[in-house]
Amino acid sequence: MSMDFDAPESRYLITSGNDAAMSIYDLSDTIRSGQRKFNPMVTINKAFRKGCHEKPISSVMWYTLDTGCFVSGSFDGTVKVWDTNLLEPVETISAYGPVYSVSMSRCISSQNLVAVGSKGENVILVDLRTGRGIHLLQGHTASVFSTAWSPGNPHHIVTGSADRTVRLWDIRRSGWIHSYNMSRRDPDPTLKRLVLDPTQVPYTEAASAKLDAPAAKRRKIDALEKAHDAAAVGVAWTPDSKNILSTGADKVMRLWETDTGINQMVSYSGTKYRVPLMNKIAVSTNGKLVYHPNGESVGVYEVKTGKKIHTLKGHYAPVTSMVYHTSLPEMYTGAADGSILVWTPFLDEIEELIERGGAASDDEEEEPDFWDSEDD
């Protein structure tokens, strides 16, 4: 299952599931009006419409600028671009086997590109204007499970793969910028020069050429460096783009410093890996908290310290997706049984817990419940 809010208003929630169906919810008059349950505006599935996916939909995302279209990726090996008004696909792109992730940059200056992670080793960049793949990000040596664009730079994207690596890319360059190494403790000086903000430093072909030689040497070393001891199945950025979080099938979540490549050695206790390929993590809009699926529950951790603030319990099947509301303190989680829960905190109490450095434990019998859940 996958979920996404539209960027302009955060009003419409789109979801997808294992039944190859997608649903759109209008949340403008639901939770905040006291309504406890709500139904979708529309559901799209192959039983009622032609051109739908034939297998489970692993990833779905709204177009960045408006709700006129959205993109979906499926285990049937296709990526579809949908017209929201017609509720029909206007483009279908074939990938390298099952599609695990589709993502678009939320930057207004983005170039209408969709990054596609699939069973193939290459990340496909699809141009929404033409519906065609225009570029391949080559470097991974196994399936690409997760892709995420930088919230602050429309040219940077991070990916996680079955080859156990987490790689940072600049789509204007050939090859990856960096492959994050879990054993790195010191800054990588070459990386810092490569991750310059294009809005502050002119990005020219001449400047790029000067960096190619050391970058090429570093890539030979990077090929041996791993971010996890098993497949890297989930990646996410902090809102300021200064850090990247990754989670793996090794049941470990890691925090990386983007511009130095340093593993910040933060320990997030109790993280689990229960649903193959589906460990999607989410970060709060203030960048303080990260949410990690731990079977039927969700662990809430402080990003910088790794302290476990709370455990969200309510699902009766493993959690497969989550999305944080962009303007309200609400977390939406979806589980393998098709249910969606909405979590709203008592802000004063949760902030007080963070300030005094409290941590929660999986072994605690009675845990203060700062979150209220709403059922779909």
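Which residues is D4 in contact with, leaving aside its neighbours within four places in sequence? They are Y12, L13, I14, V60, M61, W62, R106 and V323. Contact means heavy atoms within 4.5 Å.

This is a predicted model: local features need pLDDT of at least 70, side-chain atom pairs count only at pLDDT 80 or more, and totals for chains, interfaces and linings use all residues. Residues are numbered from 1 along each chain as its sequence is written, and side-chain values use heavy atoms, with hydrogens and water left out.

D4 lies in strand β1, residues 2-5. Strands are DSSP E runs of at least two residues; helices are H or I runs of at least four, and both are numbered from the N terminus. D4 is buried, at 9% relative accessible area. Buried means under 20%, with a 1.4 Å probe and protein chains only. The D4 side chain reaches the backbone nitrogen of W62 at 2.9 Å.

Elsewhere, 4 strands form an open antiparallel sheet in the order β20-β21-β22-β23. β20 and β23 stand at the edges, each with a single partner strand, so one side of each has no neighbour in the sheet. Strands pair if DSSP finds at least two bridges between them. β21 and β22 run antiparallel and are joined by 6 bridges. V290 stands opposite Y301 in β22.

| β20 | 282-283 |
| β23 | 308-313 |

The chain has 3 helices and 27 strands. Of its 376 residues, 57% are buried. Among contacts between residues at least 6 apart in sequence, 49% join residues at least 24 apart.

How values were computed
Buried < 20%, exposed > 50% of the residue type's maximum accessible area, 1.4 Å probe, protein only. Polar contact = N/O pair within 3.5 Å; in protein donor to acceptor, adjacent residues only side chain to side chain.
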